[in-house]
Amino acid sequence: MPNKKDDMYGDHISHQFNEDLSNLKNDFLKMGGLVEQQTIDAVNALIDGDGHAADEIRARDKLVDKMEMELDEEATRLIARRQPAARDLRLVIAVIKMVSDLERVGDEAKKIAKFALTLSQEGQAPRGYVEVRHISTHVTTMLHDALDAFSRLDSVQALKIMREDKRVDEEYQAATRTLLTFMMEDSRNISRCMAVMWVLRALERVGDHACNLAENVIYMVEGEDVRHTPVEEAAKIVGP
Amino acid sequence: MNTLNTTVNKEATMPEETPIPVPEEKPAETLIEEGKTVGSPFSDDPKFKLRDVEVFYGDSPAIKKISLDIARNEVIAFIGPSGCGKSTFLRCLNRMNDSIDICRVKGELLLDDENIYDNKRDVVELRARVGMVFQKPNPFPKSIYENVAYGPRIHGLANRKSDLDDIVENSLRKAGLWNEVKDRLDATATGMSGGQQQRLCIARAIAVSPEVILMDEPCSALDPIATAKVEELIAEMSESYTIVIVTHSMQQAARVSHRTAYFHLGHLVEVNDTNTVFTAPEHELTESYITGRFG
């Protein structure tokens, strides 16, 4: 019988099944922690103009890719050997989907690191970094909260993340307008501003992936697919 | 630069210290409300209409106020832990429980709007309409041909030998057995493999042109290949028959049935279409059972 430390995937008759599911969950969270750190480090490297850190981030992306493949294999093995059903099945399916979101967040971090390297070599005054910092705080918080919602099976928190996505889009558009102004002021800013624009775009995508994670958490918990569903409809499914 | 750093570099640790919600533990009995079934137990076009069915062995209730429709030409699977009453309930549908002296059945049980338990009802005719296949293959110790021909002959379904031959061939074909036995119809049925014997029993049930076929764990004594053949047969037969199958294999219920009914301690806890039951069941007990948390 479950004690307080066990979670809702931990009370099968088969202990091995419990362990398999809990390993899958923990490994997913490890990968999530890694890509979250990668994103934060990449933005820091950009703002600090730290080319060395940027190199390290790009190298560490290999680890992200490796974890993606390992998690996929773990999930495949679980389906083949355990034939999970209901909430167990939803966990496995959701992890398979969320793993590709995490891998893409890792790619976005790598992309930001690449721009960090280029911009650090040019070594000019940072333009648009205020916006980058602002959006990056926002999207990494979303990512962190999405992983947290996954860990706690908290569909209410997941819904909050879905709502945040719209705000990120607005911030992204505002930042784009600011950068356009810089470019119009002085055409020598253009190449540099374009690079920052790409970074903003990457961060905006991280927000989208966090939102996908949140949708999958709702699917895991509530059993309803809320992709391509207006947030208000999803809110009805999650309940008060 | 430093200020930027501190703002961005918020903790990126794994959220592992957060408390994990634990579903409150309640004894199974408290999760069940008598006579209440979640999901969709009713149908617009019922073959069987069953209302407030209760079954007692002596004084102890085995089935507690179950209401359910079984739709025409559907495959419905009954699942649940041992002793939950699924077989008892199945046996009510063609009055197989009549043979148990201490067994009493209450409630309304209608087959095509006619009362199954009407005193005037001819039970032999009922069992011809509602055939049954059992857990262990039980062919008669006669030839393969005689096993299938026996039913049609006593029910007077064939006047001539050639008609009877046709019925035997058709039934064996429908049961997917014809090609394996057509050259040895006179051989004794007990010499066949377990899977063949079970398909012969299905052919025997089909031979009297039933409307419904009840199957009580039809594959539990069969190997995986024979099981796959019987399951394939169930899928084909669902076009012309209504099939009710009791099974201990949840994967089998998931594979063959359109709807799944979950029984627990004599209650019908949940009936839903099979996809729902195996991906997002409504009732906590169904969830626990199909995910292997008890049973």
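**Figure 1. Overall view of chain A in the predicted model.** Of the 240 residues of chain A, 48% are classed as buried. The whole complex is a predicted model, to which the predictor assigns an ipTM of 0.78 and a pTM of 0.83. Chain A contains seven helices and zero strands, so that its elements read α-α-α-α-α-α-α from the N terminus on. Along the principal axes, the C-alpha atoms of the chain occupy a box of roughly 70 × 40 × 30 Å. The radius of gyration of chain A is 20 Å, in agreement with the value near 18 Å that a compact globule of 240 residues would have. Among contacts of chain A with a separation of 6 or more, 77% join residues 24 or more positions apart.

**Figure 2. Confidence along the two chains.** The average pLDDT of chain A is 92, and 95% of its residues score at least 70. Residues 1-6 of chain A have a pLDDT below 50, and the model gives this stretch seven contacts beyond near neighbours in sequence. For chain B the average pLDDT is 89, with 90% of the residues scoring at least 70. Here the pLDDT is below 50 over residues 1-11, a stretch that has 17 contacts beyond near neighbours in sequence. A further segment of chain B, residues 13-18, also stays under 50 in pLDDT. For residues 13-18 the model has 12 contacts beyond four places in sequence.

**Figure 3. Helix α1 of chain A and the residue that follows.** Just after α1(A) comes A:G49, whose phi is positive at about 65°.

**Figure 4. Surroundings of A:L46 in the nonpolar core.** The largest nonpolar core holds 152 residues. The members that touch the most others are A:L46, A:A146, A:A214 and B:V244. When neighbours within four places in sequence are left aside, the contacts of A:L46 are A:I112, A:F115, A:A116, A:L119, A:V132 and A:V199.

**Figure 5. The loop at A:Q83.** A:Q83 lies in the loop between α2 (51-82) and α3 (86-122) of chain A. Although this residue is not a glycine, its phi is positive, at about 40°. A:Q83 counts as partly exposed because it has 14 C-beta neighbours inside 10 Å, a number between the limits of 12 or fewer for exposed and 20 or more for buried.

**Figure 6. The open antiparallel sheet of chain B.** Four strands of chain B form an open sheet in the order β3-β2-β5-β6, with antiparallel pairing. Its edge strands are β3 (60-71) and β6 (114-115), each of which pairs on one side only. In a regular strand, side chains alternate between the two faces of the sheet.

Figure 7. Strand β2 of chain B, residues 46-57, pairs with β3(B) in the antiparallel sense over eight bridges. Within this pairing, B:F48 stands opposite B:I70 in β3(B), and B:K49 has B:D69 as its bridge partner.

**Figure 8. B:K65 within strand β3 of chain B.** B:K65 is located in strand β3 of chain B. This residue is not a glycine, yet its phi is positive, at about 45°. B:K65 is partly exposed, since 18 other C-beta atoms lie within 10 Å.

**Figure 9. B:T276 in helix α10 of chain B.** Helix α10 of chain B spans residues 274-279 and includes B:T276. With 19 other C-beta atoms within 10 Å, B:T276 is partly exposed; a residue would need 20 or more to be buried. B:T276 and B:R259 are 17 residues apart along the chain, and their C-alpha atoms are separated by 9.0 Å.

Conventions. Residues are numbered from 1 along each chain as its sequence is written. Chains are lettered from A and ligands numbered from 1 in the order in which they are written. This is a predicted model: local features need pLDDT of at least 70, side-chain atom pairs count only at pLDDT 80 or more; totals for chains, interfaces and linings use all residues. Helices (H or I, at least four residues) and strands (E, at least two) are DSSP runs, numbered from the N terminus. A nonpolar core is a set of buried Ala, Val, Leu, Ile, Met, Phe, Trp, Tyr and Cys residues joined through C-beta atoms within 7 Å. Two residues are in contact if their C-beta atoms, placed from the backbone, lie within 7 Å. pLDDT is the predictor's confidence in each residue, from 0 to 100. Two strands pair if DSSP finds at least two bridges between them. The radius of gyration is taken over C-alpha atoms; the globule rule is 2.2 Å times the number of residues to the power 0.38.
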